[in-house]
Amino acid sequence: MSAYERAQVGTLIERLGEAPRRIIALFGPRQSGKTTIVDQALARVRSESSMETLYRATDEPEADPSTDEGESVRRPGSARAPGADWIVGHWKDARARAGRAGGGCVLVFDEIQKIPDWSNTVKGLWDADRARTRRPRLVILGSAPLLLQSGLTESLAGRFAPLPLHHWSLREMAEAFDFDLRRYLFFGGYPGPAELAREERQDEWRGAVLDGCIRPSIERDIVALTRVDKPALMKRLFEMSALYSGQIVSFTKLLGRLQDAGNTTTLARYLDLLEAAGLVAGLTGYTAAPLRRRSSPKLLVLNTALMTAPSGYGYSEALADRSWWGRVVESAAGAHLFRTRRPGARLHYWRRGRRDDLEVDFVLERGPHLLAVEVKAGPFRGPHPGLAAFQKQFPHARTMVVGEGGVPLVEFLSEPAEFWLTDSG
């Protein structure tokens, strides 16, 4: 694991080599490897240049600014939460190092969103340093919903360069852990528990996903740091979304299955928060008129481990249940389109009326480009009425079948969404 480098390591090193004009913001779902990427990049920066590096994490609030570069003091048991003075103290240290070091200094704040009003503190320090010839290069790490909604799009708008991360792809899991397609579909794109999956320790793997990925994402990254009036409802909504991944479920049906559910507006907002955390998305139905897209959501896990770990299925049991495995395959294809689409591209599903045979699993749109995707996990013969109906209504759209009778799933998962959306595919 430690030897494998994702592409973002090189991107981060390139940005650190540039003049510090903007704050580098590395954000993504929990367990997507943010800290590992920074560690690998800083190690190479230290070995290949005279630049100093300082890594400071908010769960280490008593880190001593006088320690050696790149190190933090770990003092377990300290319950004192850091505040603005913690940021200011380490910033002053980095500022002094940048002034005397030939290559400058990199300052990294990990999980900075845990500090109240962190963005205004950073804004003031960053703006105060604009006139300095040598100032620290700043990298901030955090979970997607908080960095996107609590600072970067508010007081720090225009001052940061985003470097988003996503769940690991099939190619990355294959190269790092020797996963084949089926193992990737079941165990998903979490690198942390991957060794447990390789060693057939399925119960431990399941516990690692539930306790190390799902629960912290909801309880620490959403409920504790955003306004969620009904935390139990948020957790139950995730459970239902994982259970029904790949299916179109009306908000009315969800309300009927959730206790103390409130109203559809609350559920829609909670789905948005779950999406921002990299857990599940609620896709809307595609129409030619965007303002009229109010439809039942198609629930979609953004990493198939989020579906398989809570399910109770073992690996062999999942493969044997063709119907359930088909939804895993469909969810994997949809999650791939969702996370690899270009900025501005939107992912939907399509259904004409209420007839299941006139459905399209996924519709990807960006500007004039439109792609309809049907996913087949098992043998299928004959025409695809949903695709035919969609293309009849939208003649300029491209259509494709993924899986049996079409583009092999392993090939589909090996190229980004844009490849299939444009003529490149």
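This is a predicted model: local features need pLDDT of at least 70, side-chain atom pairs count only at pLDDT 80 or more; totals for chains, interfaces and linings use all residues.
Helix α12 covers residues 264–276, and at 1.5 Å a residue its 13 residues should span 18 Å, which agrees with the 18 Å between its end C-alpha atoms. Several of its residues are buried, among them Leu267, Tyr270 and Leu271.

Turning to the strands, there is an open sheet of 5 strands in the order β2-β3-β4-β1-β5, with parallel pairing. At its edges lie β2 (52–57) and β5 (160–164), each of which pairs on one side only, and the twist from one strand to the next averages 20°. Within this sheet, β1 (residues 23–28) and β4 (residues 137–143) pair over 5 bridges in the parallel sense, and Gly28 stands opposite Ser143.

Now to the salt bridges, of which the whole structure has 25. In helix α3, the side chains of Arg97 and Asp93 meet at 3.2 Å, N to O, and because these two are 4 residues apart in the helix, about one helical turn separates them. Both Arg97 and Asp93 are buried.

A second bridge, between Arg95 and Asp129 at 3.0 Å, links distant parts of the chain, since Arg95 sits in helix α3 while Asp129 lies in the loop between α4 and β4, 34 residues apart. Is Asp129 buried or exposed? With a relative accessible area of 1%, Asp129 is buried, and Arg95, at 19%, is buried as well, because the cut-off is under 20%.

Finally, a network of salt bridges links Lys123, Asp127, Arg130 and Arg159.

Methods. Residues are numbered from 1 along each chain as its sequence is written. Side-chain values use heavy atoms; hydrogens and water are left out. The expected span of a helix is 1.5 Å times one less than its number of residues. Buried means under 20% relative accessible area, exposed over 50%, partly exposed in between (1.4 Å probe, protein chains only). Two strands pair if DSSP finds at least two bridges between them. Axes are lines fitted to C-alpha atoms, for helices over the stretch in contact, and angles run from 0 to 180 degrees between N-to-C directions. A salt bridge is a side-chain nitrogen of Lys or Arg within 4 Å of a carboxyl oxygen of Asp or Glu.
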